[in-house]
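I opened this entry to record what I looked up in one chain. The notes go from the whole chain to single residues.

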Amino acid sequence: MDLRAFRALRAAGATWAEIAREAGCDWRTVKKYLSSDASVTPPAVTRDPKERLVDSFADQIDRMLTCEPRLHAT
């Protein structure tokens, strides 16, 4: 949901709680996104790619599944 679409309600004098009820979220969330110092774009989520435990065996698993198509991956 784009809370920034509710800026007109805030400009018209609606309270944080009224906007939150309309948007279906907490008033603190509304305040965070509609405050004057809020950024124009949503925050970017960055995650560090973690190596999966199976990654070191992926080649072997692929070969096994290729050689024996009826073999279940589980």
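I started with burial: of the 74 residues of the protein chain, 15% count as buried. I note that this is a predicted model.

Next I looked up the surface. The accessible surface of the protein chain comes to about 6600 Å², and carbon and sulfur atoms hold 55% of that area.

**Fold and dimensions**

I read off the secondary structure and found four helices and zero strands. Written from the N terminus on, the elements run α-α-α-α. The protein chain is more spread out than a compact globule, because its radius of gyration is 24 Å, well over the 11 Å that the globule rule gives for 74 residues. I then checked the principal axes, along which the C-alpha trace spans about 70 × 25 × 15 Å.

For contacts, I took those between residues at least 6 apart in sequence; 36% of them join residues at least 24 apart.

I also looked at charge. The protein chain has 12 positive and 11 negative charges, and their mean positions are 7 Å apart.

**Ser35**

Where does Ser35 sit? I found Ser35 in the loop between helix H3 (27-34) and helix H4 (58-67). Is Ser35 buried or exposed? Ser35 has a relative accessible area of 18%, and the cut-off for buried is under 20%, so Ser35 is buried.

I then listed its neighbours. Leaving out residues up to four places away in sequence, Ser35 touches Arg7 and Trp16.

**Thr29**

I moved to helix H3, where Thr29 is found. Thr29 and Trp16 are 13 residues apart along the chain, and I noted 9.0 Å between their C-alpha atoms.

**Arg21**

Which helix holds Arg21? I placed Arg21 in helix H2, which covers residues 16-23. Arg21 has a relative accessibility of 63%; the cut-off for exposed is over 50%, so Arg21 counts as exposed. I took one distance from Arg21, to Asp2, which lies 19 residues away along the chain. The C-alpha atoms of Arg21 and Asp2 are separated by 14 Å.

Definitions and conventions:
Residues are numbered from 1 along each chain as its sequence is written. This is a predicted model: local features need pLDDT of at least 70, side-chain atom pairs count only at pLDDT 80 or more; totals for chains, interfaces and linings use all residues. Side-chain values use heavy atoms; hydrogens and water are left out. Helices (H or I, at least four residues) and strands (E, at least two) are DSSP runs, numbered from the N terminus. Buried means under 20% relative accessible area, exposed over 50%, partly exposed in between (1.4 Å probe, protein chains only). Contact means heavy atoms within 4.5 Å. The radius of gyration is taken over C-alpha atoms; the globule rule is 2.2 Å times the number of residues to the power 0.38. Accessible areas come from the Shrake-Rupley method with a 1.4 Å probe; for residues, only the protein chains shown count as cover. Lys and Arg count as positive and Asp and Glu as negative; His and the chain ends are not counted. The place of a charge is taken as NZ of Lys, CZ of Arg, CG of Asp or CD of Glu.
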